[in-house]
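Open the model in your viewer and keep the sequence panel beside it. Each stop below says what to select and what is there.

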Amino acid sequence: MADDSIPTLALPGGSILQFFVMTIPLFGVYCYFLYLAITRPNIADPDNEAFYEPRIRLTDILYVYLTTWVLYAVLVIYMLWFVNKRRRLSKRYEKEGIVILGDVQYEDEDRWLANCLFRKHDYGYVIYDLEKVASHPACDYKGPLEGKIRKKVRVYHRFPREQVSILVIPQYPYSGQPKTDLEADWASFSE
C-alpha cells in the first residue's frame, strides 16, 4: 500500500485515463468531419438546394487532420524518447548516487506571466562543494575538483534550504540534484 507521508503526484495509470478523456472531444470533431464529408452535396449541380448551404471546405478538414497528426507525433516522440530517458537518469541517481551536503536557493519571483508561460517557478539553484564530492570514497572522477558549483535545477519544494542532501552521480561530479526533490519526482512516476 502507499505510504501516507509520501505525496501522490500522479495516480497509477492516470496518464492513460487522462489521454482518453482529452481525446474524446477530438474524436467527436473527427466523426463530425467524416459525416460532413460523406453527406457533402455534389458541387457540380447548382440546381440542388444543398449546393448553396454553407459548408466546411475539405482543405480545412485536411489541415485539422494534418495538424493533429503532427502534434500527436511530437507527443509520441516526447513520451517514448524524453520521458524514458529522464526516468532512466532519475533511477541512476537512485542506484548510483552519492550523498553530500549542499544548499538550495530559490527566489520566488513575482512575475506571474513569466511563471505561467515558462514555468520559471519550478527552478532553483543547487550549491555544493566539489571538494566534498572528490573526497567521497565512491567518486572515481579523474580530474581536478575544487571550488563550489552553482547550477540551475528543477525543484519541487519551492523554498530556500541549507545543508540538505544532494545526490551526485560519481562519474559526473557536476550532476548534483537535491535528494528531496528527486524523491518527489520519483513519487510522480506511475509504474
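The tour goes from the whole chain to single residues.

**Whole chain**

This is a predicted model, in which local features need pLDDT of at least 70, side-chain atom pairs count only at pLDDT 80 or more, and totals for chains, interfaces and linings use all residues. Residues are numbered from 1 along each chain as its sequence is written, and side-chain values use heavy atoms, with hydrogens and water left out.

Colour by pLDDT (the predictor's confidence in each residue, from 0 to 100). The protein averages 77, and 78% of the residues score at least 70. Now select residues 6–12. Here pLDDT stays under 50. The model has nine contacts for this stretch beyond four places in sequence; a contact means heavy atoms within 4.5 Å.

Switch to cartoon. Five helices and five strands make up the secondary structure. Helices (H or I, at least four residues) and strands (E, at least two) are DSSP runs, numbered from the N terminus. The order along the sequence is α-α-β-α-β-α-β-β-β-α. Of the contacts between residues at least 6 apart in sequence, 69% join residues at least 24 apart.

Next, show the surface. Of the 191 residues, 27% are buried. Buried means under 20% relative accessible area, exposed over 50%, and partly exposed in between (1.4 Å probe, protein chains only).

**Helix H2**

Select residues 58–96, which are helix H2. Begin at Thr 68, which lies in this helix. Thr 68 counts as buried because its relative accessibility is 17%. Beyond its neighbours within four places in sequence, Thr 68 contacts Leu 26 and Tyr 30.

Move on to two salt bridges. A salt bridge is a side-chain nitrogen of Lys or Arg within 4 Å of a carboxyl oxygen of Asp or Glu. The protein has three by this rule.

- Lys 91 and Glu 94: the closest N and O atoms are 3.4 Å apart. Both residues lie in H2, three residues apart, about one turn of the helix. Lys 91 is partly exposed at 27%, as is Glu 94 at 42%.
- Arg 92 and Glu 96: the closest N and O atoms are 3.1 Å apart. These two are also in H2, four residues apart, again about one turn. Arg 92 is partly exposed at 28%, and Glu 96 at 35%.

**Strands S2 and S3**

Select 123–129 (S2) and 148–154 (S3). The strands run antiparallel, joined by seven bridges. Two strands pair if DSSP finds at least two bridges between them. Asp 129 stands opposite Lys 148 in S3.

Show the S3 side chains. Which ones are buried? Ile 149, Lys 151 and Val 153 are, and they point to one face.

Select 161–169, strand S4. Check Gln 163: its phi is near 50 degrees, a positive value in a residue other than glycine.

Then find the salt bridge between Asp 181 and Arg 161, with the closest N and O atoms 2.9 Å apart. Asp 181 lies in helix H5 (residues 179–187) and Arg 161 in strand S4, so the pair ties together parts 20 residues apart in sequence. Both residues are buried.

Finish on H5. Its buried residues are Asp 181, Leu 182, Ala 184, Asp 185 and Trp 186. What covers them includes H2, S3, S4 and strand S5 (172–178).
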